[in-house]
Amino acid sequence: MKRIDGNFKIVILLSFLAYVLCYFYLFYYFGYGMGISGIIPVIVLSWYFGFKWGICIGILFLPINIMMISFVGLDLFSGQILSGMIQGTVGFVFIGGAVGHVSDLSQQLKEHRDNLNQLVEEKTADLRQSNELLKKREKDLGTANRQLKESELQIRSTMEQFEASNQQLIASEREVLESKDFLENIFETNLDGIIVGDERGYFVRVNRAIEELSGYSQEELIGKHASEFVVEDKQIQKVKAKESFVPVKGQMRNLELSWYRKDGSVCPLEFNAQYLTDDSGNVVGSVASARDVSVRKKAEADLKESKERLDLSYQATNDGLWDWNIKTDNCFFSPRYYTMLGYEPFEMLPSFETWKSLVYPDDVEQAVQTILNYIEKRSDIYEQELRMQTKSGESRWILARGKIVEWGQEGEPVRMIGIHMDITDRKQIEGEKQQLLEQLRQTQKMEEIGTLAGGVAHDFNNILGVIIGYAEISLDDLPEDSHIREDIKEILIASDRAKNLVNQILTFSRQADHDLKPFRVKPLLEEFLKLIKATFPATIEIRHEIKAESDTVMSDPTQIHQVLMNLFTNAKHAMQEKGGVLEISLTEEIIVKKNKFALPDLIPGKYLKMKVSDTGHGMDAVTMKRVFDPFFTTKDQGKGTGLGLSVVHGIVKSYGGEISVFSEQGKGTTFCVYLPLSETSYPVQKTMLSEKITGGNEHILLVDDEVAICNMTKKTLEKLGYVVTSCTNSIEALELFRRMPDEFNIVITDQTMPNLTGAGLAKELILTRPDIPIILCTGFSETINRNQAMLVGIREYITKPVVKGQLNDAIRKIFDEKHEGR
Amino acid sequence: MQTILLIEDDSQTRKLLMRILDSAGYNVLEAVDGREGVEIFNQNSIDLVITDLVMPEQEGLETIRMLKKLVPDMKIIAMSGGGRVGPENYLLMAVRLGASQTLKKPIKREDLLTAVKGVLLED
């Protein structure tokens with residue numbers, strides 16, 4: 001904006017001119033003094049146009065003034081005006097120049113300033129640029145520096161490697177040198193002899209071991225040939241036959257030969273030889289090694305001997321041996337291992353699986369577990385009893401014992417050896433012992449119960465006796481028609497029940513003491529004979545010999561009855577199919593001294609001997625031994641409890657007597673019963689069977705599944721005057737009863753019967769006819785007791801064996817009660 | 001009138017038996033144990049001894065043995081409690097020792113009188 005552009009210049013000039021005109025006007029009207037106003041355009045113009053113009057304009061005003069003055073008519077050359085004009089003009093010029101100069105200066109300053117600024121900017125920009133350039137260069141420099149450093153490192157490492165290789169090279173060189181010595185050393189110090197030979201087998205070099213083995217020195221051996229020293233035998237001749245002692249192309253391994261030493265002795269050697277060839281395959285020599293095997297030979301001989309000894313002992317021992325490699329399952333079973341189970345020796349491949357397959361199926365799991373446990377826990381000895389199956393399928397008890405004998409690197413078990421011992425017999429004996437122990441335990445338990453019961457019974461019975469006694473006495477004192485009699489009778493009934501209850505417990509625990517009376521056996525036996533003749537099948541012939549004079553035994557008649565009943569029933573069963581002869585004898589016998597073998601428990605004295613023989617199927621020795629065992633029976637299930645003979649045995653023993661049995665299978669059996677004879681005698685003896693009993697003539701339905709007993713009881717009842725219909729099948733009996741329920745007055749039934757028990761039958765009968773009296777006969781330890789029977793509706797409850805008197809009493813009781821209007 | 005010695009330790013039973021025997025016309029002497037029994041036995045003329053067997057200290061058997069020693073053909077009836085107190089068969093022993101008969105408790109009046117009658121009739 002410094003120098004005005006052209007247009008503006010023109011404007012200014014025109015304005016100046018305008019001013020000038022105005023100036024004229026002003027000058028005209030206001031006078032000369034106005035000339036001073038001309039300073040204004042001078043200042044303005046000089047400011048705008050600068051120094052030069054300022055001067056010019058200032059100067060210009062002089063003419064203007066002159067003009068003006070002239071115009072106005074003033075005197076130009078008047079001193080005042082003239083000085084004024086000159087002053088004015090000078091003034092104008094001066095001011096114009098000054099102002100213009102200042103303006104120029106300021107303009108220049110501005111320009112300079114602008115230039116400077118521009119320069120500064122340019123320079124600053126340049127500087128910035130250079131700065132950046134510099135920075136960039138710096139960076140590049142840095143990068144270049146780093147690269148340089150890396151290269152430096154690489155160079156250094158390469159140099160190190162180089163150094164290392166160098167070292168290795170040096171070391172290798174050294175090693176080579178050492179190897180040579182080393183090999184040399186090996187060659188010489190090797191314990192096996194090494195011979196280096198040429199292509200024909202002549203010795204080139206030998207080591208120290210060869211020198212020692214052969215007794216010759218190196219010098220003596222070089223140039224010699226092996227064949228000069230070898231002891232000839234078949235094998236060597238064979239080799240020799242191949243023309244060259246050194247193998248033709250190849251090797252000779254483990255050739256055993258003997259070698260003559262320098263001192264003439266012979267040394268067994270194991271010889272290996274090999275060709276040496278060069279790169280092209282040409283034979284350049286041979287190498288052989290020779291080993292002194294005299295020690296080994298001896299060891300082999302010893303081993304052979306041991307093995308023979310072992311084989312012999314395998315044969316000699318009765319046990320089977322086994323040898324099992326747990327890791328590889330390689331197994332060895334000795335011949336006896338096989339034969340013990342009925343197999344041929346080595347019939348099966350020995351292995352763990354084979355053993356497993358021989359174990360009895362039920363025992364396999366346990367057996368395998370036991371052996372695995374042993375291996376895992378590494379206990380001391382492996383031992384277990386197990387059953388193994390024989391070839392024929394039977395099982396035998398085997399005792400397996402063994403031990404780990406070899407361990408692996410990490411301490412794991414590798415090999416186990418052991419034996420198998422056949423302990424079947426031992427097991428059997430053990431089994432029997434267990435059985436006996438069990439029986440003993442049972443017996444002891446029973447004894448304990450019995451002791452308790454027995455202890456209580458004594459006092460209890462005392463008390464009961466008192467109750468019964470006074471009840472009876474009271475009855476006496478009451479008039480016949482007193483109603484109190486009924487109440488007293490109830491007391492007696494209840495007391496009776498109490499008595500029976502205690503008796504049952506005592507009987508069950510075999511603590512019952514029986515009343516002993518002097519009892520004559522002969523009459524009872526005679527009655528039995530009559531019954532037997534009547535009820536036994538015709539195929540059985542009955543012979544008897546009753547010779548005893550004294551026949552009184554201190555006993556409980558019920559029990560004697562039991563003894564005879566059991567013996568006769570057994571005899572009958574033995575001869576059921578084919579018939580036979582039953583012999584019965586009764587004699588007196590005096591036992592002089594205690595016989596250890598035959599009848600060990602008999603105290604010397606007088607005895608009544610009763611013999612019952614049959615010609616039935618008999619028993620074998622084994623059965624005979626067990627015949628008195630409780631629950632032992634040869635009969636089929638349901639056909640006999642097996643208690644009969646054991647009860648007989650118990651009874652006889654409790655009287656201080658003895659019973660013996662002799663039997664031959666197929667021929668027959670004989671039982672001998674010894675009972676101590678009693679000195680006491682009674683003037684009057686009533687046998688049970690011939691006791692005067694008032695019978696009745698009612699119709700009895702009798703049910704018992706045992707034919708013999710059913711028949712016998714029927715006969716007995718008929719003898720008493722009753723009419724009896726008997727059934728051996730409880731279901732048939734029920735049907736019969738249902739058909740004519742009012743026909744029968746009383747039912748007598750056994751408890752233990754197949755399909756429908758006595759109690760069950762009773763229930764059914766009562767449904768048909770509620771008031772039918774029923775008598776239930778139960779045996780020893782039957783499954784129903786008195787109370788249960790009463791609940792079912794059974795009127796009377798009798799324990800077997802049923803004695804006539806007892807049975808009749810029961811029957812009478814029922815009917816008498818009936819008649820009394822109960 | 002015949003004299004019976006009754007040896008029984010249970011007082012109620014003793015009283016009852018005495019009454020029964022008394023009513024039946026016998027002269028009854030009582031003792032509570034074997035010792036007393038033997039004393040009374042020595043002081044009187046006894047026709048029959050009825051004794052309980054299992055009394056404290058097994059006196060029953062001892063008493064029988066003693067009485068038999070004193071009078072070998074003494075008639076004795078032994079009473080039993082019905083059960084065994086030990087493994088021994090006391091009844092059998094009593095009989096071996098010389099008891100003529102045994103009676104099992106609880107005793108029925110009828111049985112007692114029958115037995116007494118029978119034994120007294122014995123020779």
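A salt bridge is defined here as a side-chain nitrogen of Lys or Arg within 4 Å of a carboxyl oxygen of Asp or Glu. By this criterion, 41 salt bridges are found over all chains of the structure. The structure is a predicted model, in which local features require pLDDT of at least 70 and side-chain atom pairs count only at pLDDT 80 or more, whereas totals for chains, interfaces and linings use all residues. Residues are numbered from 1 along each chain as its sequence is written, chains are lettered from A in the order in which they are written, and side-chain values use heavy atoms, with hydrogens and water left out.

Within chain A, A:Glu188 and A:Arg205 form a salt bridge in which the closest N and O atoms are 2.9 Å apart. Because A:Glu188 belongs to helix H4 (residues 79-189) and A:Arg205 to strand S2 (residues 203-206) of chain A, this pair ties together parts that are 17 residues apart in sequence. Helices (H or I, at least four residues) and strands (E, at least two) are DSSP runs, numbered from the N terminus.

The contact between the chains (heavy atoms within 4.5 Å) draws 37 residues from chain A and 33 residues from chain B. About 3,200 Å² is buried between the two chains, 51% of it on carbon and sulfur atoms; buried area is the accessible area (1.4 Å probe) that two parts lose on being put together, summed over both. Two salt bridges are counted between chain B and chain A. A:Asp476 and B:Arg109 form a salt bridge, with their closest N and O atoms 2.2 Å apart. On the side of chain B that touches chain A, at least two residues each are supplied by helix H1 (11-23), helix H4 (90-97), strand S5 (101-104) and helix H5 (109-121) of chain B. H1(B) gives the most to this side, with six residues. The composition of this side is twelve nonpolar (Ala, Val, Leu, Ile, Met, Phe, Trp, Tyr, Cys and Pro), twelve charged (Asp, Glu, Lys and Arg) and nine polar residues (the others, Gly among them).

Two backbone features were also identified. Most residues other than glycine have a negative phi, and most peptide bonds are trans. The peptide bond from B:Lys105 to B:Pro106 is cis, with omega near 0°, and B:Pro106 is found in the loop between S5 and H5 of chain B. In chain A, A:Asp329 is not a glycine, yet has a positive phi of about 60°; this residue is placed in the loop between strand S6 (320-325) and strand S7 (331-333).
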